[in-house]
Amino acid sequence: LYSILGMLTALRMNCGVYSEVMSPRKNPYVALGIDVALILILYGTLTIMVAGSGALFEAQFGTSQYVGASIMIVVVLVSSWWGTKSIVAAMNTAVPILVVGAIIVACVVLINPQADPEVSRAMPREPNKALINWFVAGLNYVTFNMLAVVCVIIPLALKLKSKTQVFTSSAFAALALVVMAGLLVFGIVTNYAVVHKEALPMLALAKGISPVVGYMYAIFMFAAIFSTAIGVMLALLERFKSFKLYKDNYERPAAIALMAATLPMSKVGFITLVGTVYP
């Protein structure tokens, strides 16, 4: 699905405007519906990132979830006001390191499980009622992420010189995602007896390897959450600006109000938000 949707999206690129790709017939009602849907999805994602920071600090340092959530809000606001390019560039270096680190941790805990794999596989699991079964869950995961990254695919696709490049890049990206997701899932399932109550199972497995690995993993995970949060916040402000909900000189108060609105929602909990908002 990733490969097919990536190809179809890239092949429709003849401009740099996402709304014309998603609503090619320029129907104003469809365009409005897409804008509203994106705002809701972006806000939900931002809330999950803030809650994720809270869960990270709680798991790593034993603090209240509000501490980690508040730190993320402050860091995002401060960095957005005093220049984001260098910070985001640094985070963009940290995120690939986190991906590599996650794959290494998954491989290590697959080779040397921290729990009896047979016990882990035999443990009962409660399915997410919003997702019904594995097929609906997979479809939901792919379509959610495609909607989230279409704004990234558009400028990248414009640089591709041929249809062959579109096909090969989409296929390679899809294969990479399947391999990474597969390793993480099998790593978690094999060690399910250890991590079934954890909000951040890969962090728990990293800490199980050694405390140093756990701290390194936590640092890169915070960087990944931050880079997502600041990107989503800026995208949300742009969407609000397109609706003319505030003037340009009110951008800072708007950012404060937006980030403050995520704090009460983060109290719901990272696991609950991921299991509800994403579906």
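Does Thr45 count as buried or exposed, and at what relative accessibility? At 11% relative accessibility, Thr45 counts as buried, where buried means under 20% relative accessible area, exposed over 50% and partly exposed in between (1.4 Å probe, protein chains only). Thr45 is placed in helix α3 and touches Phe144, Thr228, Val232 and Tyr278, leaving aside residues up to four places away in sequence; contact means heavy atoms within 4.5 Å.

The model is predicted, with local features requiring pLDDT of at least 70 and side-chain atom pairs counted only at pLDDT 80 or more, while totals for chains, interfaces and linings use all residues. Residues are numbered from 1 along each chain as its sequence is written, and side-chain values use heavy atoms, with hydrogens and water left out. The mean pLDDT (the predictor's confidence in each residue, from 0 to 100) of the chain is 85, and 89% of its residues reach 70 or more.

The secondary structure comprises 13 helices and zero strands; helices (H or I, at least four residues) and strands (E, at least two) are DSSP runs, numbered from the N terminus. Of the 279 residues of the chain, 36% count as buried. Helix α8 (residues 163-190) has 28 residues and should span 40 Å at 1.5 Å a residue, which agrees with the 40 Å between its end C-alpha atoms; the expected span is 1.5 Å times one less than the number of residues. Buried residues in α8 include Val166, Ser170 and Ala174.

The structure holds four salt bridges, each defined as a side-chain nitrogen of Lys or Arg within 4 Å of a carboxyl oxygen of Asp or Glu. One of them pairs Asp35 with Arg239, with the closest N and O atoms 3.0 Å apart. Asp35 lies in helix α3 and Arg239 in helix α11 (residues 211-242), so this pair ties together parts that are 204 residues apart in sequence. Both Asp35 and Arg239 are buried.

Glu238, Lys241 and Glu251 are linked in a network of salt bridges. Glu238 and Lys241 both lie in helix α11, three residues apart, and their closest N and O atoms are 3.6 Å apart. For Glu251 and Lys241 the corresponding distance is 3.2 Å; Glu251 lies in helix α12 (residues 251-266), 10 residues from Lys241. Glu238 counts as partly exposed at 43% relative accessibility, Lys241 at 25% and Glu251 at 28%.
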